[in-house]
Amino acid sequence: MDNFLEHLKLLGLVAQGSQEEALAEHLSGGSRTVYCGFDPTADSLHIGNLVPLLALRRFQMAGHRPILLVGGATGLIGDPGGRNSERDLKPTEVVLDYVEKIRVQASQFLDFDCGETSAIVVDNAEWTKDLTAIAFLRDIGKHFSVNAMINKESVRRRIEDDSSGISYTEFSYMILQAYDFVILNRRFDCTIQMGGSDQWGNITSGLDLIRRIENKQAYALTYPLLTKSDGSKFGKSAGGAVWLDAAKTSPYAFFQFWRNADDLDVSNFLKVFTFLDLSEIEKLLQGMQQDPGMRLPQIRLAEEVTSLVHGEQGLLAAQRISEALFSNAIQSLGESDLAQVALDGLPVTKVSELESSLVEVLVNSGLASTPKGQVTAGQARKLIKSNAVSVNGEKVSDEGIVLTRDEALFGKYVIVRKGKKNHHLVVFEG
């Protein structure tokens, strides 16, 4: 794209850029190499990490070469940015395991076989593992002013907000990240680093170090840290973080997160997390204004992102489960579908007995709540008698019914529904 930087701005993917006119000219002047780092703080990436991953993919689609850096070294140190206290340092073997899992997970979003713009994955542990403390201080540290480092936002906030200040360990993170940029500049002619807006200080430190050591020009580009329209943190659901790993967040729950996006958020989400044309996004938004109840933008958003992360089979499973729960066609669900529901799709009660009273399930799950908010066995019986309760898709009217393992789907699962929208899953264990 001749005006790629402006395109990123239209998508809402630019918070700050160094020397923006020069950067725009640099991007339009040929194929460039851009990198973004991902520290292994968990055994999976989450949906917040999709912002830079998909941005890297956009760079590649525009004819540039992306580098995905996994922080095997910086992950052992801890980034002070975005936090008010010190991180708990994880054992080296745990971080190494995280590095490999994230390397594999993140790689699915880039093309590694497209000629000169093929993506590259690197681990900064490679060039730091043999770096001695003396060499680090003499060759790298001497280029950094402590006064300037203290004035960086990520450090200054920690000093001001945390009574314990900041450790030298996390204080040194900035230097290590800057050194990464120098190494990638030397090896791959990488001239652009991208990161979240809270990384601005760290990234610009890399620009300064490249200028001092390599006598070259490099550029910084940050994207906004997303929040929801209500001010809550993006990427959280009722069960916690929304992960990219299907074993941590099921494709069904993943699909539902996007399906339930607020009307005020869906425009931004479509621009950032899908590759739909802006004209198509505008049509979807116009349709929402005409009939908000159809939630067409949210459905398209959920389809696009779920397919991107979990593939066509993951999307089909999510759609199949959603339709079965909505239409009460529970018997149509397979064992793998029900395993997804048990993971994080519905509230769950686990029982070890061979049988469980339906009245008890309604009470213990909270489904048997009165208009005044009380949960009683009497209300449970009333719901059953009024045909408001179904078990595995079948209406029941016998208040003495007992749920048994023999009648459970696949000998394990029973879905109890009250009304049309309230579901609860009973799982027989053992």
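Which residue in S15 is the bridge partner of Ile415? The partner is Leu425. This pair belongs to a predicted model, in which local features need pLDDT of at least 70, side-chain atom pairs count only at pLDDT 80 or more, and totals for chains, interfaces and linings use all residues. Residues are numbered from 1 along each chain as its sequence is written, and side-chain values use heavy atoms, with hydrogens and water left out.

The chain holds 18 helices and 15 strands. Helices (H or I, at least four residues) and strands (E, at least two) are DSSP runs, numbered from the N terminus. Along the principal axes, the C-alpha atoms fill a box of roughly 80 × 50 × 40 Å. Of the 430 residues, 49% are buried. Buried means under 20% relative accessible area, exposed over 50%, and partly exposed in between, with a 1.4 Å probe and protein chains only. Among contacts between residues at least 6 apart in sequence, 72% join residues at least 24 apart. Contact means heavy atoms within 4.5 Å.

Two strands pair if DSSP finds at least two bridges between them. Strands of a sheet pair through backbone hydrogen bonds, either parallel or antiparallel. Gly37 has Leu69 in S3 as its bridge partner. Axes are lines fitted to C-alpha atoms, for helices over the stretch in contact, and angles run from 0 to 180 degrees between N-to-C directions.

Strand S4 (residues 120-123) contains Ile120. Ile120 is buried, with a relative accessible area of 17%. Leaving aside neighbours within four places in sequence, Ile120 is in contact with Arg65, Pro66, Ile67, Leu68, Phe112 and Phe188. Ala135 is 15 residues from Ile120 in sequence, and 27 Å from Ile120 in space, C-alpha to C-alpha.

Helix H3 contains Leu53. Leu53 is buried, with a relative accessible area of 0%. Beyond neighbours within four places in sequence, Leu53 is in contact with Phe38, Leu45, Leu68, Ala106, Phe109 and Leu110. Leu53 and Ala24 lie 29 residues apart in sequence and 21 Å apart in space, C-alpha to C-alpha.

H3 also meets another helix. The axes of H3 (residues 50-61) and H13 (residues 263-273) come within 9 Å and cross at roughly 50°. H3 is therefore oblique to H13. Angles under 35 degrees count as roughly parallel, over 145 as roughly antiparallel, 65 to 115 as roughly perpendicular and the rest as oblique. Leu50, Val51, Leu54 and Arg58 of H3 make the contact with Lys271, Val272 and Phe273 of H13. By class, this contact has five nonpolar, no polar and two charged residues. Ala, Val, Leu, Ile, Met, Phe, Trp, Tyr, Cys and Pro count as nonpolar, Asp, Glu, Lys and Arg as charged, and the others, Gly among them, as polar.

A further open sheet has five strands in the order S9-S15-S14-S11-S12, with mixed pairing. S9 and S12 (394-395) each have a single partner strand, so one side of each is left without a neighbour in the sheet. S14 and S15 pair in the antiparallel sense over six bridges. S9 and S15 (residues 422-428) pair in the parallel sense over four bridges. Here Thr349 stands opposite Val426 in S15. Strand S9 (residues 348-351) has a covered face, Thr349 and Val351, and an uncovered face, Val348 and Lys350.

Helix H16 lies across S9, S14 and S15, running at about 60° to S14. In H16 (residues 335-345), Asp337, Leu338, Gln340, Val341 and Gly345 are buried. These residues cover an arc of only 150° around the axis, which puts them on the same side of H16. The arc is that of the directions from the helix axis to the C-beta atoms. The cover over the buried residues of H16 includes helix H12 (251-259), helix H15 (296-327), S14 (413-418) and S15.
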